[in-house]
Amino acid sequence: QVQLVESGGGLVQAGGSLRLSCAASGRAFSSYNMGWFRQAPGKEHEFVAAISWSGSMTYYPDSVKGRFTISRDNAKNTVYLQMNNLKSEDTAIYYCAAKGRIFTIATMTTPMDEYDSWGQGTQVTISS
């Protein structure tokens, strides 16, 4: 399996931007489709973005579409989440996760614990 470490979280004002990074090590990162999830206090994990192994396909839920952009650099074994126009409701711990399945909306929007591996998360706090 691939091991994942997120970074880039922090405190930012509403309307601001952050870019999260997820560094991967271990087996063939470029063969995995990748997802980002978040968990706000007292809530379940929420899917926020997915990208195919090649980077050619992406998917976002309506809650972040147009504000968040997922990308990857397979040469650097890293996936990114660019977050713009941040809102207080984006406050959460953000996790990246890897899944070695065919990329479809159905397979990528499963609960995070149905992914093959995930990281420890990075805290994002938006102040209003």
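A polar contact here is a pair of N or O atoms within 3.5 Å; within protein, one of the two must be able to donate a hydrogen and the other to accept it, and residues adjacent in sequence count only if both atoms are side-chain atoms. The model is a predicted one, so local features need pLDDT of at least 70 and side-chain atom pairs count only at pLDDT 80 or more, while totals for chains, interfaces and linings use all residues. Residues are numbered from 1 along each chain as its sequence is written, and side-chain values use heavy atoms, with hydrogens and water left out.

Thr 91 is a handy place to start. This residue sits in the loop between strand 8 (78–83) and strand 9; strands are DSSP runs (E, at least two residues), numbered from the N terminus, and helices are runs of H or I with at least four. The Thr 91 side chain reaches the backbone nitrogen of Ile 126 at 2.9 Å. A polar atom of that side chain also lies 3.0 Å from the backbone oxygen of Ser 88. Leaving aside residues up to four places away in sequence, Thr 91 touches Ala 40, Pro 41, Gln 123, Val 124, Thr 125 and Ile 126, where contact means heavy atoms within 4.5 Å.

Next comes the disulfide. The term covers a pair of cysteine sulfur atoms within 2.5 Å, and by that rule the count comes to 1. Cys 22 and Cys 96 are the partners, with their sulfur atoms 1.9 Å apart. The pair ties together distant parts of the chain, 74 residues apart: Cys 22 belongs to strand 3 (residues 18–26) and Cys 96 to strand 9 (residues 92–99). The torsion about their S-S bond is about 55 degrees, so the disulfide is right-handed. Cys 22 is buried, at a relative accessible area of 0%, and Cys 96 counts as buried at 0% too. Buried means under 20% relative accessible area, exposed over 50%, and partly exposed in between (1.4 Å probe, protein chains only).

Strand 5 (residues 45–51) is mostly covered as well, with 5 of its 7 residues buried. Two strands pair if DSSP finds at least two bridges between them. Strand 4 (residues 33–39) runs antiparallel to strand 5, joined by 6 bridges, and Trp 36 has Ala 49 of strand 5 as its bridge partner. The hairpin of these two strands has 5 residues between them, and there Gly 42 takes a positive phi near 75 degrees. Strand 5 also pairs with strand 6 (residues 58–59), again in the antiparallel sense, over 2 bridges; Ile 51 is partnered by Thr 58 in strand 6. In that hairpin, with 6 residues between the strands, Gly 55 takes a positive phi near 90 degrees.
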